[in-house]
Amino acid sequence: MNRNNRSRAGFTLIEILVVILVLGVLAALVAPNVFQHVGASRTTAAKSQLELVGAALDAYRLDNDSYPSSEQGLGALLTAPAGSPAPRNWRGPYLKKSVPADPWGSPYVYRSPGADPKHDYELLSWGRDGKEGGTGEDADIRSWD
């Protein structure tokens, strides 16, 4: 009786392989959905960060009558910038912390004046690929989109 109980304790190799197979199938079905949502959440985070930096740029413009130049960059939101246009009434810092990198680890691109005459400045992320253009998660994310 003791020998019979000992042989029934534990799992057989077949049972373990079936469990591994079931887990593999579940992972194959779930993983694409999870990674798709990770990409979408990065895009959403980039849009939120662009809105916050854009609000700080607007506050800077209200105080100084112009946006910082491309040469002055986004650093003008943290410390009074040198160069032209000289800030008339700098009341910063306009951000509590330095401008973060985009969710893919690249710095945001800031240009003032912007290439599009409808916008006084351009603030954007090149997306996952770090290059202009692209689709999906590689698409550019602009502050005015």
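**Entry 1: burial and overall build**

I looked up burial first: of the 145 residues of the protein, 28% count as buried. I take buried as under 20% relative accessible area, exposed as over 50%, and partly exposed as in between, with a 1.4 Å probe and protein chains only. The model is predicted, so local features need pLDDT of at least 70 and side-chain atom pairs count only at pLDDT 80 or more, while totals for chains, interfaces and linings use all residues. Residues are numbered from 1 along each chain as its sequence is written, and side-chain values use heavy atoms, with hydrogens and water left out.

I then listed the secondary structure and found two helices and three strands. Along the sequence they follow the pattern α-α-β-β-β. Helices (H or I, at least four residues) and strands (E, at least two) are DSSP runs, numbered from the N terminus.

I noted an accessible surface of about 9,900 Å², of which 58% belongs to carbon and sulfur atoms. Such areas come from the Shrake-Rupley method with a 1.4 Å probe, and for residues only the protein chains shown count as cover.

**Entry 2: nonpolar core**

I looked up the largest nonpolar core, which has 18 residues. Val53, Leu57, Leu74, Leu77, Tyr110, Tyr121 and Leu123 touch the most other members. Helix α2 gives the most to this core, with six residues. A nonpolar core here is a set of buried Ala, Val, Leu, Ile, Met, Phe, Trp, Tyr and Cys residues joined through side-chain atoms within 4.5 Å.

I checked Leu57 by contact (heavy atoms within 4.5 Å). Not counting residues up to four places away in sequence, Leu57 touches Tyr67, Pro68, Leu74, Leu77, Tyr110, Tyr121 and Leu123.

I found a nonpolar surface patch of about 1,100 Å², with Phe11, Leu13, Ile14 and Leu26 among its residues. Patches use residues with over 30% relative accessible area and no salt bridge; like charges are joined within 9 Å, and nonpolar side chains (Val, Leu, Ile, Met, Phe, Trp, Tyr) within 5 Å. Leu26 is in helix α2 and counts as partly exposed, because its relative accessibility is 46%.

**Entry 3: the loop between α2 and β1**

I located Ser69 in the loop between α2 (13-64) and β1 (109-111). Ser69 counts as buried because its relative accessibility is 8%. Leaving out residues up to four places away in sequence, Ser69 touches Ser84, Pro85, Tyr110 and Ser112.

Which residues does a cis peptide bond with omega of about -5° join? Ser84 and Pro85 are the two joined, and Pro85 is in the loop between α2 and β1. A cis peptide bond also joins Gly92 and Pro93, with omega of about 5°. Pro93 is in the loop between α2 and β1.

I placed Gly73 in this loop between α2 and β1 as well; at 11% relative accessibility, Gly73 counts as buried. Beyond its neighbours within four places in sequence, Gly73 is in contact with Pro68 and Tyr110. Gly73 and Arg111 are 38 residues apart in sequence and 7.6 Å apart in space, C-alpha to C-alpha.

**Entry 4: aromatic pairs**

I counted four aromatic pairs. Tyr60 and Tyr94 form one that is edge-to-face, 5.5 Å centre to centre and 70° between the planes. This pair links distant parts of the chain, with Tyr60 in helix α2 and Tyr94 in the loop between α2 and β1, 34 residues apart. Rings of Phe, Tyr and Trp (its six-membered ring) pair if their centres lie within 6.5 Å; planes under 30 degrees apart count as stacked, over 60 as edge-to-face and the rest as tilted.

Tyr60 is buried at 1% relative accessibility, and Tyr94 is buried at 15%. Tyr60, Trp90 and Tyr94 form one aromatic cluster.

**Entry 5: salt bridges**

I looked for a side-chain nitrogen of Lys or Arg within 4 Å of a carboxyl oxygen of Asp or Glu, and the count came to four salt bridges. One joins Asp65 and Arg88 (2.6 Å, N to O). Both residues lie in the loop between α2 and β1, so the pair ties together parts that are 23 residues apart in sequence. Asp65 and Arg88 are exposed. Asp65 has a positive phi of about 70° although it is not a glycine.

Glu122 and Arg111 meet in another salt bridge (3.3 Å, N to O). Glu122 is in strand β2 (residues 122-125) and Arg111 in strand β1, eleven residues apart. Arg142 and Glu122 also meet in a salt bridge (3.9 Å, N to O). Salt bridges that share partners join Arg111, Glu122, Asp140 and Arg142 into one network.
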